[in-house]
Amino acid sequence: MLSLPNLLTLSRIVAVPLLVGLLWWPGWALGYGIAFALYCLMGITDYFDGYLARSNGAVSRLGIFLDPIADKIMVAAVILMLVGTRDIAGLHLIAALVILLREIAVSGLREFLAPLHVSMPVSKLAKWKTTLQLVSLGALILGGAVPSAPWIATVGLTALWGAAVLTLVTGWDYLRVGLKHMD
């Protein structure tokens, strides 16, 4: 149960409060810089936990359960903090809200379909959505660390909208699968 891949996944969950603390004060460039480094490290562990589990034949039920939860906790916490610090504000809140609501809806749908033994494998488009989402949030954090380069935040907000569009498309794909199994 406490294999290296699972420990990497758990480390992401444990690191979220530290990430939140570093983003707590808007305008604290050093905090944002450290948060960006931590965020990147968390992203690297997200890649390696799955890679190590698959390559070493160490895929576990705990890992299958925890990995998507760790991702959602990290993304939701970062979005909430960036909204709270007004790094995501105005109309950009719509993109953030779309992402959060889709994560909740798809999680609920998976929970509903599990007792029916219906799996919803992650599509390639959903992987691109996740990648764009993580890049956008990383850019927004980095933008707070380097306020003298506002283009970084602009890239982050643009990518956030791209992720929101992909979120709607992949969310609809998952919903279509789920609707086939509802009365």
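Q: What is a salt bridge here?
A: A salt bridge is a side-chain nitrogen of Lys or Arg within 4 Å of a carboxyl oxygen of Asp or Glu. This is a predicted model, where local features need pLDDT of at least 70, side-chain atom pairs count only at pLDDT 80 or more, and totals for chains, interfaces and linings use all residues. Residues are numbered from 1 along each chain as its sequence is written, and side-chain values use heavy atoms, with hydrogens and water left out.

Q: OK, how many salt bridges does the structure hold?
A: There are eight salt bridges. In one of them, arginine 12 meets aspartate 67, 2.9 Å from N to O.

Q: Which helices are aspartate 67 and arginine 12 in?
A: Aspartate 67 is in helix α3 (residues 61-84) and arginine 12 is in helix α1 (residues 4-23), so the pair ties together parts that are 55 residues apart in sequence. Helices here are DSSP runs (H or I, at least four residues), numbered from the N terminus.

Q: And arginine 12, buried or exposed?
A: Arginine 12 is buried, at 1% relative accessibility. Aspartate 67 is partly exposed, at 22%. Buried means under 20% relative accessible area, exposed over 50%, and partly exposed in between (1.4 Å probe, protein chains only).

Q: What about arginine 176, which residue does it form a salt bridge with?
A: Arginine 176 pairs with aspartate 173, and their closest N and O atoms are 3.8 Å apart. The two are three residues apart in helix α6 (residues 150-179), so about one helical turn separates them. Arginine 176 is partly exposed at 45% relative accessibility, and aspartate 173 is partly exposed at 28%.

Q: Which residues are joined into one network?
A: Arg12, Asp46, Asp49, Asp67 and Asp71 are joined by salt bridges that share partners.

Q: New topic. How many aromatic pairs are there?
A: The structure holds four aromatic pairs. One of them is tryptophan 25 with tryptophan 28, edge-to-face, at 5.9 Å centre to centre and 80° between the planes. Rings of Phe, Tyr and Trp (its six-membered ring) pair if their centres lie within 6.5 Å; planes under 30 degrees apart count as stacked, over 60 as edge-to-face and the rest as tilted.

Q: Is tryptophan 25 buried or exposed?
A: Tryptophan 25 is exposed, at 51% relative accessibility, while tryptophan 28 is partly exposed at 35%.
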